[in-house]
Amino acid sequence: MAEPVLSCFNSSVTFRLFVDFSVMSLLVEIISVFLHVRRLLLLSGRRNMPGTEIKAPRPSVAYRVTSWLNLGPLLVFGVCTMAWMSRWLAAQSSRVSRYVLLMGTVDLILLSTMKMVLFYRLLRADILTSTPGTSD
């Protein structure tokens, strides 16, 4: 997933167009680090405290900390960055072509929707449940 992001960033820097927009879009990739740590904990079986799997599963300390650390970057780098990018695109609408404006608007709507769904799923799966299930 990082290859398209890096190739777009490289094009932006090479042609010296929309560099600030590209830098902000790279901040969204920070969320991936925390999501990968969460996934590794799930795959390694370290989600629950040892000995609690059968009767009443309780999340391990590492998993609880990771769950809360997922929400912070998702809000900061997901929601705030997307809001800044939307504001920037609206402010630059007279300077960019209709194609760039259309593609940027559609991409921002899709990414913002994906981030909101991801936030809801993480909140529901890791924070709002008293006994965590096996959801992602």
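Helices, as named in these legends, are DSSP runs (H or I) of at least four residues, numbered from the N terminus. Tyr99, for example, has its place in helix α5. All views are drawn from a predicted model.

**Figure 1. Overall arrangement of the predicted model.** The protein contains five helices and zero strands, and the pattern read along the sequence is α-α-α-α-α. Of the 136 residues in the protein, 26% are buried. Where contacts join residues at least 6 apart in sequence, 64% of them connect residues at least 24 apart. The protein exposes about 9200 Å², of which carbon and sulfur atoms supply 69%.

**Figure 2. Helix α5 and the helices against which its buried residues pack.** Helix α5 spans residues 98-127 and has 30 residues. From its first C-alpha to its last, α5 reaches 42 Å, close to the 44 Å expected at 1.5 Å a residue. The buried residues of α5 are Gly104, Leu108, Lys115, Leu122, Ala125 and Asp126. These buried residues pack against α3 (30-43) and α4 (61-91).

**Figure 3. The largest nonpolar core.** Twelve residues make up this core: Phe21, Met24, Val28, Ile31, Leu71, Leu74, Met82, Met85, Trp88, Leu89, Leu108 and Leu122. Two or more residues of the core come from each of α2 (19-27), α4 and α5. Helix α4 gives the most, with six residues. In soluble globular proteins, nonpolar side chains tend to be buried together. Residues up to four places away in sequence aside, Met85 touches Phe21, Met24, Ser25 and Leu108.

Figure 4. When neighbours within four places in sequence are left aside, the contacts of Lys115 are with Val28, Ile31, Leu74 and Met82. Gly78 lies 37 residues from Lys115 along the chain, and their C-alpha atoms are separated by 6.3 Å.

**Figure 5. The salt bridge between Asp126 and Arg38.** How many salt bridges does the structure hold? The structure holds one. In the salt bridge, the side chains of Asp126 and Arg38 meet at 2.7 Å, N to O. The pair links distant parts of the chain, with Asp126 in helix α5 and Arg38 in helix α3, 88 residues apart. Both Asp126 and Arg38 are buried.

**Figure 6. Thr66 and its contacts.** Thr66 is found in helix α4. With a relative accessibility of 10%, Thr66 falls under the 20% cut-off and therefore counts as buried. Beyond neighbours within four places in sequence, Thr66 is in contact with Phe34, Val37, Arg38 and Leu41. One of these residues, Arg38, is also the salt-bridge partner of Asp126.

Figure 7. Phe15, Leu17, Phe18, Tyr99, Val100 and Met103 make a nonpolar surface patch of about 610 Å². Helix α5 gives the most to the patch, with three residues. Tyr99, a member of the patch, has its place in that helix. Why does Tyr99 count as exposed? Tyr99 is classed in this way because its relative accessibility is 59%, and exposed requires over 50%.

Figure 8. Leu26 has its place in helix α2. Because its relative accessible area is 25%, Leu26 is partly exposed, a class that lies between the 20% and 50% cut-offs. Leu26 and Leu6 are 20 residues apart in sequence, and the distance between them in space is 8.3 Å, C-alpha to C-alpha.

Conventions: Residues are numbered from 1 along each chain as its sequence is written. This is a predicted model: local features need pLDDT of at least 70, side-chain atom pairs count only at pLDDT 80 or more; totals for chains, interfaces and linings use all residues. Side-chain values use heavy atoms; hydrogens and water are left out. The expected span of a helix is 1.5 Å times one less than its number of residues. Buried means under 20% relative accessible area, exposed over 50%, partly exposed in between (1.4 Å probe, protein chains only). Contact means heavy atoms within 4.5 Å. Patches are made of residues with over 30% relative accessible area and no salt bridge: like charges are joined within 9 Å, nonpolar side chains (Val, Leu, Ile, Met, Phe, Trp, Tyr) within 5 Å. Accessible areas come from the Shrake-Rupley method with a 1.4 Å probe; for residues, only the protein chains shown count as cover. A salt bridge is a side-chain nitrogen of Lys or Arg within 4 Å of a carboxyl oxygen of Asp or Glu. A nonpolar core is a set of buried Ala, Val, Leu, Ile, Met, Phe, Trp, Tyr and Cys residues joined through side-chain atoms within 4.5 Å.
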